[in-house]
Amino acid sequence: STQSTWESGRSQYVLVDIETPARAPSERPPFELALVMDRSGSMDGQKLKSAKRAIKGLLPQLGGKDVMHLIAYDDGVDTIFQNGDLTDPDALAQQVDRIRSGGSTNISAALVTAAGIIAKHLPPLLLYLSLSYPIHWHCNCHCPCTLR
């Protein structure tokens with residue numbers, strides 16, 4: 001680290017430059033992720049394809065110590081996978097590919113299902129994925145990190 005001090009009028013300023021060692025991506029703490037995916041009729045076509053592509057693109061980014069669940073809903077709710085094996089993203093991607101659109105929208109039951117699945121031992125994240133409505137990322141760790 002380096003430090004510089006200077007004065008301007010009656011004020012004195014200090015600039016401290018701190019260098020920290022780079023943290024390897026593999027050192028990221030594990031977390032638990034519950035994806036809640038809208039598969040209702042309004043998601044038919046390109047919207048559903050885009051949502052699936054987003055989920056499949058996320059799979060290889062997660063580590064073997066992370067925990068991931070996928071809940072899909074229309075008027076019903078299905079847990080596509082729970083505690084998905086992230087060391088085999090191709091097998092999970094095949095399950096994502098089997099999701100079909102149809103039905104109406106029962107988001108409340110899907111969110112209740114996701115909340116019931118998320119464990120309490122890892123920092124939990126809940127991602128609601130619908131291209132019919134704005135996408136919200138919400139971290140359940142009580143910090144102000146909701147992205148819109």
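**Close-up views of a predicted model**

**View 1. Strands S4 and S5 pair in antiparallel fashion.** Strand S4 covers residues 67-73, and strand S5 covers residues 77-81. Four bridges join the two strands. Ala72 has Asp78 of S5 as its bridge partner. A hairpin of three residues links S4 to S5. The model shown here and in the other views is predicted.

**View 2. Helix H1 packs against helix H2.** Two values describe a pair of packed helices: the angle between their axes and the distance between the axes. H1 spans residues 46-58, and H2 spans residues 89-97. Their packing angle is about 170°, and their axes lie 10 Å apart. Angles over 145 degrees count as roughly antiparallel, so H1 is roughly antiparallel to H2. H1 contributes Lys52, Ile55 and Lys56 to the contact. H2 contributes Ala93, Val96 and Asp97. By class, three of the contact residues are nonpolar and three are charged, with no polar residues.

**View 3. Pro123 sits in the loop between helix H3 and strand S6.** H3 runs over residues 107-117, and S6 over residues 124-129. Is Pro123 buried, partly exposed or exposed? Its relative accessibility is 45%, so Pro123 counts as partly exposed.

**View 4. Pro123 touches Pro30, Phe31 and Glu32.** These contacts leave out residues up to four places away in sequence. Pro123 and Pro30 are 93 residues apart along the chain. Their C-alpha atoms are separated by 7.8 Å.

Notes: Residues are numbered from 1 along each chain as its sequence is written. This is a predicted model: local features need pLDDT of at least 70, side-chain atom pairs count only at pLDDT 80 or more; totals for chains, interfaces and linings use all residues. Side-chain values use heavy atoms; hydrogens and water are left out. Axes are lines fitted to C-alpha atoms, for helices over the stretch in contact, and angles run from 0 to 180 degrees between N-to-C directions. Angles under 35 degrees count as roughly parallel, over 145 as roughly antiparallel, 65 to 115 as roughly perpendicular and the rest as oblique. Contact means heavy atoms within 4.5 Å. Ala, Val, Leu, Ile, Met, Phe, Trp, Tyr, Cys and Pro count as nonpolar, Asp, Glu, Lys and Arg as charged, and the others, Gly among them, as polar. Two strands pair if DSSP finds at least two bridges between them. Buried means under 20% relative accessible area, exposed over 50%, partly exposed in between (1.4 Å probe, protein chains only).
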